[in-house]
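Please keep the sequence and the structure in view while reading.

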Amino acid sequence: MLPIQVTNFLNERNAGAPAIPADASLFDTGVLDSFSLAEFITVIEDATGISIPDADLNPETFETIAKTEAYIARALGA
Amino acid sequence: MNCFIIGSGTAHPERVVTNEELAARLGVAPDWISKNSGIRERRFAADDDTVSGLAVRAVQNALSNAEIEPARLDALIGSTLGAECLVPGVAPFVQRALPGCRTIPAFDLRAGCLAFLQSLSLARGLLAVGSARTVACFASEIQSRHLKLTPEAATLSMLFGDGAGAYIVSNERPSNSTIPAIEILDVILGTDGTNAETLGIQTSTEGPRMNGRVVILHALKRFQETANELLERHNLSPDDIAAVVCHQPNLNLLTLAAERLGIPFDRFTVTLDRFGNTSGAAHFTALDACRRQNRLKNGDRVLFLAFGAGFAWGGAVGAVSG
């Protein structure tokens, strides 16, 4: 499950649209673009305390809610 | 170590290409270009424009601004992604076109968007070891000839324009300059080749390639790290920075950078709205605009930042002098 701050960020960007499926591309659905992806990652870092290393700074890592959840879980050692 | 930027200048082709003109060829709306880039127009070279020709004009304008003759130069450092020859680079063509310029070292860096800062670091080193007292640095780009003006390439081709820029550095503080000099206090550079294929140009006859999403993530991170390091090294806070002169990739990126750095955006110099991203030349253009805006006063701190192919990045801190 995503931290509430991350969920709120996505919900704000998806306001008025149907709920985002966990495996839907956040880019294809228009929730994220190149610049909001950077903000999204900042929100994840702030909410979790994770410092995302350079090797993981790519859009594929955070392309869907499911991938983002899995990444955060791995990074936190869950 | 004394290193002063004592002059700057630019040269751009005459032909203005507006978003309205470009949008039709890219299959997008003009507003879409300005919303996604902050660019309103850019310049495209005429058939008889050359990289070296633009460079000569930019260097001459910088020399004129510094109120010195070409004979005073001790070195000439150029950069371009599109030299007329593979070897020699563009700098020898500029050297021979400057009246009175001596047979000084004139060579290129293959620096892309880091041209401004990599040249500055090198020029500063030449001054420090006594190999030179006055150095001209420039970048010149004609990118429009290799851009794909098709809908498939819209997100990339909307960004770029043609132009050249130059500055003059000296180890002597100018005594009566009409435009303030900037003393360079520090320059830092970095490279991480892990993403060498993510941003660049494959050959001189191809347009740029870029994975924008990856580039933006890394650019913002490096901007922040570099700025923080420079501020810490000089015991400065974001409030102490009077002006930020960045490479000019995209207005949205600069806006995000301002937020992250905690520096009000109105302290950022913006030239990409009129000239687009002219790659290596863009940072020089921003410097020239900043110096000529009459906003700088003695003692002001100026922050320089750039990120580009490599990935390579860098920053510098300067103090307005005079």
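The expected span of a helix is 1.5 Å times one less than its number of residues. Helices (H or I, at least four residues) and strands (E, at least two) are DSSP runs, numbered from the N terminus. Helix 7 of chain B (residues 212-233) has 22 residues and reaches 31 Å from its first C-alpha to its last, close to the 32 Å expected at 1.5 Å a residue.

The model is predicted: local features need pLDDT of at least 70, side-chain atom pairs count only at pLDDT 80 or more, and totals for chains, interfaces and linings use all residues. Residues are numbered from 1 along each chain as its sequence is written, while chains are lettered from A and ligands numbered from 1 in the order in which they are written.

**Confidence**
- Chain B averages a pLDDT (the predictor's confidence in each residue, from 0 to 100) of 94, and 99% of its residues score at least 70.
- For the complex, the predictor gives an ipTM of 0.80 and a pTM of 0.93.

**Packing of two helices in chain B**
- Helix 1 (residues 19-26) and helix 2 (residues 30-37) of chain B pack at an angle of about 105 degrees, with their axes 8 Å apart; axes are lines fitted to C-alpha atoms, for helices over the stretch in contact, and angles run from 0 to 180 degrees between N-to-C directions.
- Helix 1 of chain B is therefore roughly perpendicular to helix 2 of chain B (angles under 35 degrees count as roughly parallel, over 145 as roughly antiparallel, 65 to 115 as roughly perpendicular and the rest as oblique).

**Positive phi angles**
- Asn235(B), which follows helix 7 of chain B, has a positive phi near 55 degrees.
- Glu67(B) is not a glycine, yet its phi is positive, about 60 degrees.
- Glu67(B) lies in the loop between helix 3 (51-66) and strand 4 of chain B, and it counts as partly exposed because it has 14 C-beta neighbours inside 10 Å.
- Ser279(B), also not a glycine, has a positive phi of about 50 degrees.
- Ser279(B) is buried, with 31 other C-beta atoms within 10 Å (buried means 20 or more other C-beta atoms within 10 Å of the residue's own, exposed 12 or fewer, and partly exposed in between, with C-beta atoms placed from the backbone).

**Cis peptide bonds**
- The peptide bond from Val87(B) to Pro88(B) is cis, with omega near 0 degrees.
- Gly310(B) and Phe311(B) are joined by a cis peptide bond with omega of about -20 degrees.
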